[in-house]
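Hello,

Here is the structure I promised to pass on. Please open it first, then read my notes below.

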Amino acid sequence: MAVSFSTRAVLFSSLILSPAAAQFTGSAACAECHQPQWAAQKRSAHSYALSRRNELWLFGAGRQATTPVSRLDADYYLEHGLSQYTSPNVKALTPGHTKPDGVKYRVFDPGAQILRCFQCHSTGKLNFTPEQGILPAENGVQCEACHGPGADHSQLLRPKILNAAGLNDLCGACHRQPPKPGEDVNWQDPWNVRHQPVSLSQSACFEKGNVSCITCHDAHSGEVKSTCANCHATVTHRAKISAAQTCESCHMPKVAASPQLSFSNHWIGVYAPRKPLLPLHRSKGGAAPVGR
Ligand code: HEC
Ligand code: HEC
Ligand code: HEC
Ligand code: HEC
Ligand code: HEC
Ligand code: HEC
Ligand code: HEC
């Protein structure tokens, strides 16, 4: 007997799935009518965020890294201690691991750690084999991860109606939600730069300009276009700026979250040279701590 379990209630905001959740159809069903979105989506890392090679699950599309996960027995999965990184092309410790033996997760652990890995990297309801093997409905982040279950087309989420905060909420279901008022974020921890909605929520472009994830990213392919000039057509810099330098290189600086992983700081702001974690001033909540 296959049981069904969903951590969506925890992971996803009220925006998407209602608990009475309707049926998922799988992205193939959308392809016939929405060819352009489908083709763009197939170019994205989202589409390949989870794949399977025989008994091995591969997490990550390989843009930055892939981490293998395998099943140990009826109760346990193993997140491997060594991951394959892309740049540099090396095998090295998985983030958060201190030794190469890997970390064991119990399937029905109260924290549901391993189920959460699968939930963010797949689409639809997680199912289980009769032997408690985890069986995603569809590997990777596909149509219904953002639009909700598609069996009833009239119930699909139409993200076009969302403002920047609404999109932070939608994308933040997996990329992490912005902090709630009063919630502390350790801005000195480079790992947090990985959580784009958290950073974007602090920037003046978001607050005063309604800049959202899809101002810059194509929602389906993930591709980035530079949009700064749409709103900042005439900036007079005191500093001298060469034409070869992109706006993003200074205002969204790259941060090394680990020796092999790097992320762009989505807190768009003015940064001091070689201090890419926190801008010199913040648009809300007073001055940021500078110089640490
Ligand atoms: C039989 C053809 C067909 C299928 C299959 C289909 N759609 Fe649609 N879809 C349409 C048409 C036609 C429209 C435009 C009319 C409307 O807005 O309902 C539309 C509109 C949409 C919109 C809203 C567009 C907007 O302007 O905001 C979204 C989102 C969407 N579809 C997603 C999906 C997803 C996801 C799937 C698969 C689960 C899917 N559709 C399956 C035909 C289809
Ligand atoms: C169901 C979970 C989920 C949701 C919802 C989600 N993402 Fe993602 N996203 C991921 C995962 C997982 C990856 C990592 C893909 C990989 O393995 O490289 C990712 C990667 C990305 C990337 C990097 C792609 C690249 O080419 O390197 C972008 C950009 C992105 N997401 C944007 C968005 C935006 C914008 C939204 C909201 C409209 C969104 N995501 C919603 C899970 C999600
Ligand atoms: C809350 C949702 C969520 C959970 C839970 C989650 N991931 Fe991810 N994962 C993401 C997103 C979003 C990205 C894209 C991060 C980025 O590139 O900004 C990602 C990226 C990755 C990558 C690509 C490397 C990278 O850092 O970009 C790997 C590998 C990965 N995840 C493995 C795992 C494993 C293994 C687990 C469970 C131990 C897990 N993930 C749990 C959302 C999640
Ligand atoms: C990462 C989240 C995400 C995924 C996955 C996703 N969409 Fe979308 N979709 C969006 C967002 C956000 C918009 C609004 C885009 C805009 O307004 O520019 C959108 C808009 C649409 C629209 C309206 C027309 C348009 O292009 O703006 C259709 C139709 C659609 N999506 C269908 C699909 C189909 C079919 C798939 C799977 C092949 C899919 N989407 C996968 C987030 C997603
Ligand atoms: C003002 C433009 C802009 C906005 C708004 C924006 N991004 Fe990005 N994003 C970028 C740029 C530029 C990169 C770096 C691309 C590169 O290096 O090729 C990037 C990279 C990423 C990556 C790859 C990992 C990283 O951090 O470098 C992910 C994932 C991502 N964005 C998700 C999001 C999500 C989710 C949102 C909404 C919360 C968002 N982005 C909003 C411009 C933007
Ligand atoms: C949709 C419009 C829009 C887009 C696109 C946009 N911004 Fe902004 N940005 C704003 C608004 C509005 C403000 C607030 C201006 C004010 O306070 O007077 C702002 C503020 C800023 C600031 C000042 C930040 C601070 O903390 O004082 C910088 C720097 C900036 N933007 C750079 C950029 C860069 C670089 C890009 C492209 C990656 C970009 N913006 C894209 C609207 C936008
Ligand atoms: C070499 C790094 C660098 C590059 C490249 C760069 N900026 Fe700046 N930008 C700065 C610095 C430093 C400041 C604050 C001091 C000043 O005005 O020179 C600034 C200030 C700004 C401000 C005003 C912030 C305020 O508080 O009023 C905006 C808006 C802005 N830049 C947008 C852009 C845009 C758009 C581009 C691309 C066309 C760009 N910048 C390219 C470094 C850079």
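Ligand 4 lies between domain 1 (4-157) and domain 2 (159-229 + 250-284), because both domains give residues to the shell around it. Keep in mind that this is a predicted model.

The shell of ligand 4 holds 16 residues. The closest are Gln-37, Cys-143, Cys-146, His-147 and His-220. Three of these side chains make polar contacts. In Gln-37, a polar side-chain atom is 2.9 Å from an oxygen atom of ligand 4. In His-147, a polar side-chain atom is 2.8 Å from a nitrogen atom of the ligand. An N or O atom in the side chain of His-220 also lies 2.8 Å from a nitrogen atom of ligand 4. Helix 3 (35-42) and helix 5 (143-147) supply at least two shell residues each. By class, eight residues of this shell are nonpolar, seven polar and one charged.

Now to ligand 2. Which residues come nearest to ligand 2? They are His-46, Arg-63, Cys-171, Cys-174 and His-175, out of 17 residues around it. The side chain of His-46 has an N or O atom 2.7 Å from a nitrogen atom of ligand 2. Arg-63 places a polar side-chain atom 2.4 Å from an oxygen atom of ligand 2. For His-175, a polar side-chain atom lies 2.8 Å from a nitrogen atom of ligand 2.

Helix 6 (residues 164-175) gives the largest share of the shell around ligand 2, with four residues. Domain 1 (4-157) and domain 2 (159-229 + 250-284) each contribute at least three residues to that shell. Its classes are ten nonpolar, six polar and one charged.

Last, the iron atom of ligand 6. The protein donors here are Cys-205, through SG, and His-232, through NE2. They lie 2.0 to 2.4 Å from the iron atom. The two come from distant parts of the chain, 27 residues apart. Cys-205 is in helix 8 (residues 204-209). His-232 is in the loop between helix 10 (228-231) and helix 11 (247-251).

Why is the arrangement around the iron atom of ligand 6 called octahedral? Because its six donor atoms subtend angles of 84 to 178°. For six octahedral donors, the ideal angles are 90 or 180 degrees.

The cut-off for buried is under 20%. His-232 has 47% relative accessibility, so it counts as partly exposed.

Best wishes

Methods. Residues numbered from 1 in each chain as written. Chains lettered and ligands numbered in written order. Predicted model: local features only at pLDDT ≥ 70, side-chain atom pairs only at ≥ 80, totals over all residues. Heavy atoms only, no water. Donors = N, O, S within 2.8 Å, 3.2 Å for Na, K, Ca; no water. Tetrahedral: all angles 85-135°; square planar, octahedral: opposite > 155°, others 65-115°. Buried < 20%, exposed > 50% of the residue type's maximum accessible area, 1.4 Å probe, protein only. Near = heavy atom within 4 Å. Polar contact = N/O pair within 3.5 Å; in protein donor to acceptor, adjacent residues only side chain to side chain. Nonpolar A, V, L, I, M, F, W, Y, C, P; charged D, E, K, R; others polar. Domains from an automatic or database assignment.
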